[in-house]
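Work through the exercises below with the sequence and the 3D view side by side. Try each task before you read its solution.

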Amino acid sequence: MDSKQSPKMNKFQEGLQQQRRLIEQLRCEAQITRFRVSQCIDDLQKYCDSHIEEDYLISGFSKPSENPFKEKGSCAIL
Amino acid sequence: MYAEINMATEALRAENPDSIEALSREAESLKARLSEEKAKLNDLDYCVIGQRLESLQNFNIKPRRTLKGHQGKVLCMDWSSDKRHIVSSSQDGKMLIWDAFTTNKEHAITMPTTWVMACSYGPSGNVVACGGLDNKCTLYPLSMEEDPATKKKAVATHTSYLSCCSFTSSDHQILTGSGDSTCALWDVENAQLIQSFHGHAGDVMSIDLSPTETGNIFVSGGCDKVAMVWDMRTGDCVQVFDGHESDINSVKFYPSGDAFATGSDDATCRLFDLRADREVNCYKKDSIIFGCNAVDFSVSGRVLFGGYNDYTVNVWDALKGTRITILYCHDNRVSCLGVSPDGTSLCTGSWDYTLRVWA
């Protein structure tokens, strides 16, 4: 074949390359070890439970004055 | 006729086992096997789990500050690691640095472009990066003595607009996402490409780095409706997550790093788990018909904030999948939002030209 490839041939090669990449990707994904959904959600919940105390947007502040965005009163203590 | 064609393709396949047709077939069978495998592990409906959990009580955050100064739509914002300063960028080509406590503007940087869609604080708090329709990511060291613009440095260049950027664990590397459908990791010092990430079939809209120290992975979402998880060192896409029916505008890791949330133009937010390799929750309501532009978690991961095109912020219970409340106070689309690093406050930015801080 002529060393100069036709545009059609190039397109064909490109398509081939794309398909090969997709398959490589899918093979790679097929090898992933998957966990049960119940276990994954359980772990997400455990993380959440162990950090809920420091989640001020949920638990609030033990004293309102600890909120850095609380509007300060008009008199400041010197 | 049919038999003839069949024979011809059979012959072709025998000659050339790598024909596109043969490859497509293999791809299809691999895809089928994958979804079968994933379905097998879906042993528990998340609705069931949600019912077992107690509802969150007393969720009560209020608007505390209004940051006024942009003369165009606010497009992006980021918190400094000092939990006090905020960088925001706007359609008018300006980037502003705010002291969120006092609402003072400490720096105003004018970009040579409009639509500055991405901005990010460096981990040290001494540098910010931004970009947009200029297709570039430019760094600005912050100092009180000098105008940051005099020390600016272009670090990254894409072939289309810059949609998002984020420093890695240091000021020395920055990850960018672009309308050219790629992501890229750059060395800041030499302004050189370290790794590029090809795989999306549409504009990349959002990226987020794994919060785990050993992660070395990041997630990206884009207009091809899929989210991809990447290995930063090799440049390989290691997982692909589909399910959204329209553009993904925002991606954000769950604080443990095991899952991530997405916000999409299909008016839903979703939770994808890396280890289950699938969607594990979907946050939606019939009454919500507008797209979601931005998502972020509270520090425990229990609450997911979503900024929507209907001017609201929907606050979701990330585990139960139910809506806790709605935050109203912007007069136009909510385009960006972020929880402060210490988890005390939420900042929202809007097309109404303002940012608000909630606590």
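**Exercise 1.** Find which residues S163(B) is in contact with, leaving aside its neighbours within four places in sequence.

*Solution.* Step 1: locate S163(B) in strand β10 of chain B, residues 162-167. Strands (E, at least two residues) and helices (H or I, at least four) are DSSP runs, numbered from the N terminus. Step 2: list the contacts, meaning heavy atoms within 4.5 Å. Beyond those sequence neighbours, S163(B) meets M117(B), A118(B), G177(B), S178(B), V204(B) and M205(B). Step 3: look at the side chain of S163(B), which comes to 2.5 Å from the backbone oxygen of V204(B). Step 4: judge the cover. S163(B) has a relative accessible area of 8%, so it is buried. Buried means under 20%, exposed over 50%, and partly exposed in between (1.4 Å probe, protein chains only).

The model is predicted: local features need pLDDT of at least 70, side-chain atom pairs count only at pLDDT 80 or more, and totals for chains, interfaces and linings use all residues. Residues are numbered from 1 along each chain as its sequence is written, chains are lettered from A and ligands numbered from 1 in the order in which they are written, and side-chain values use heavy atoms, without hydrogens and water.

**Exercise 2.** Is K38(B) buried or exposed?

*Solution.* Step 1: go to helix α2 of chain B, residues 20-40, where K38(B) sits. Step 2: read its relative accessible area, 16%. K38(B) is therefore buried. Step 3: name what K38(B) touches, not counting residues up to four places away in sequence. From chain A come E29(A) and R34(A). From chain B come V240(B), D277(B) and R278(B).

**Exercise 3.** Describe the make-up of chain A.

*Solution.* Step 1: count the elements. Chain A has three helices and zero strands. Step 2: read them from the N terminus, α-α-α. Step 3: check burial. Of its 78 residues, 24% count as buried. Step 4: take the surface. Chain A exposes about 5900 Å², with 51% supplied by carbon and sulfur atoms.

**Exercise 4.** Which residues line the largest cavity?

*Solution.* Step 1: read off the lining. I41(A) and L44(A) belong to it, along with L271(B), V280(B), N281(B), A318(B) and L319(B). Step 2: assign elements. Two or more lining residues come from each of α2 (37-51) of chain A and β21 (278-283) of chain B. Step 3: sort by class. The lining has six nonpolar, one polar and no charged residues.

Notes:
On a 1 Å grid over the protein atoms alone, a cavity is a set of points where a 1.4 Å probe fits but cannot get out, and a pocket is an open set with protein on both sides within 12 Å along at least five of seven lines; lining residues have an atom within 4 Å of a point. Ala, Val, Leu, Ile, Met, Phe, Trp, Tyr, Cys and Pro count as nonpolar, Asp, Glu, Lys and Arg as charged, and the others, Gly among them, as polar. A polar contact is a pair of N or O atoms within 3.5 Å; within protein, one must be able to donate a hydrogen and the other to accept it, and residues adjacent in sequence count only if both atoms are side-chain atoms. Accessible areas come from the Shrake-Rupley method with a 1.4 Å probe; for residues, only the protein chains shown count as cover.
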